[in-house]
Amino acid sequence: MPFARLTAATTPTAHIGLGLAAVGRPGYINLGRDQDLPAERTPEALLARTHELLDAAYAQGVRYFDAARSYGRAEAFLADWLRARPSVQDVVIGSKWGYTYTADWRSDADTHEVRDHGVASFDRQRTETGMLLGDRLDLYQIHSLTPDSPALTDTELHARLAALAAEGVTIGFSTSGPDQADTIRAALALRFDGEPLFSTVQATYNLLETAAGDALAEAHDAGLTVIVKEAVANGRLAGPAAPAPLRDIAEETGATPDAVALAAVLCRPWAGVVLSGAATAVQLTANLHAAVVDLDEEQLGGLGALREEPTAYWQQRAKLPWH
């Protein structure tokens with residue numbers, strides 16, 4: 001299994017991954033992103049920024065990189081970086097299918113991505129991903145699976161996914177929204193020819209939104225690798241937006257709020273990989289300090305008080321503007 005490479009890695013940051021959602025397209029919902037990227041967000045400018053981040057991440061021990069078909073040109077940027085560095089063979093490359101990027105390189109588009117979890121969408125996007133990443137693709141995930149997704153019941157799609165797994169590509173899913181726990185448990189129950197269909201799950205979990213925690217622990221116990229996304233809540237747990245209790249504990253530990261927020265997730269026994277969504281090398285370095293932040297029980301208890309009701313959290317997230 002490709003994730004065995006992470007188990008064998010010895011760098012403290014090997015279980016922090018880099019997600020490319022914030023740099024593969026000109027618009028995204030992270031707070032402060034309008035200041036994080038160049039004013040002229042041409043494909044060339046974001047290609048250069050992506051390469052800068054990938055170089056910095058790899059040099060500092062990061063070994064998992066995460067993209068998606070709907071992240072603008074993220075797959076293409078990642079593929080370009082891999083071609084330019086053929087000696088880099090100890091990384092795990094993940095991507096996702098199920099959403100199509102529709103913003104046409106605009107940050108003010110009415111619709112940025114459209115979901116389709118059908119077989120035809122899988123066939124098309126699998127071909128597109130293959131043309132870019134080829135045999136470097138280790139993990140292919142259904143993007144933002146929900147309880148009402150046809151991907152949970154479409155046996156033809158399950159056969160396609162099982163066939164891809166037989167070729168050596170790990171099959172997983174990501175999920176979002178207030179029903180993440182229900183989605184995870186429904187996906188865990190899926191079998192194809194008597195075998196579990198999924199080997200990984202990627203879900204939102206952070207100090208504000210912890211509702212999926214028990215389900216993620218169940219997934220880990222069932223043998224799935226758990227990948228955590230949005231660990232700093234799209235910037236709500238970083239910089240000036242961080243709540244006062246988080247800033248106070250960051251000061252106690254000598255770390256930044258984002259590093260503390262990531263450290264609080266890394267200490268969960270079921271967390272296999274925790275993603276950084278950094279858009280600058282400075283943010284990335286701050287995030288990676290999470291690997292050496294040591295939080296005691298009192299501090300973790302104080303951070304636990306930041307938890308929000310899931311529906312309220314996701315309503316707030318839905319209001320974040322595309323910068």
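This is a predicted model: local features need pLDDT of at least 70, side-chain atom pairs count only at pLDDT 80 or more; totals for chains, interfaces and linings use all residues.
Is Phe-173 buried or exposed, and what is its relative accessible area? Here are some notes to read alongside the model.

1. Phe-173 is buried, with a relative accessible area of 0%; buried means under 20% relative accessible area, exposed over 50%, and partly exposed in between, with a 1.4 Å probe and protein chains only. This residue sits in strand S7, which covers residues 170-175. Setting aside neighbours within four places in sequence, Phe-173 is in contact with Gln-141, Ile-142, Leu-145, Ile-184, Ala-187, Phe-198, Thr-200, Val-201, Gln-202 and Leu-224, where contact means heavy atoms within 4.5 Å.

2. Residues are numbered from 1 along each chain as its sequence is written, and side-chain values use heavy atoms, with hydrogens and water left out.

3. Now the overall build. The protein has 13 helices and twelve strands; these are DSSP runs numbered from the N terminus, with helices being H or I of at least four residues and strands E of at least two. For 323 residues, a compact globule would have a radius of gyration near 20 Å, and the 18 Å of this protein agrees with that. The radius is taken over C-alpha atoms, and the globule rule is 2.2 Å times the number of residues to the power 0.38. Along the principal axes, the C-alpha atoms fill a box of roughly 55 × 45 × 40 Å.

4. Of the 323 residues, 55% count as buried. Among contacts between residues at least 6 apart in sequence, 78% join residues at least 24 apart.

5. As background, an α-helix has 3.6 residues a turn, so residues three or four places apart point the same way. After H9 comes Gly-254, with a positive phi near 75°.

6. The loop between strand S11 (225-229) and H9 holds Ala-233, which has a positive phi of about 55° although it is not a glycine. Ala-233 counts as buried, at 1% relative accessibility. Asn-234 has its place in the loop between S11 and H9 as well, and counts as buried at 4% relative accessibility. Not counting residues up to four places away in sequence, Asn-234 touches Tyr-28, Ile-29, Asn-30, Leu-31, Tyr-313, Arg-317 and Leu-320.

7. Asp-193 also has a positive phi in a residue other than glycine, near 50°. Asp-193 lies in the loop between strand S8 (191-192) and strand S9 (195-196). With 71% relative accessibility, Asp-193 counts as exposed.
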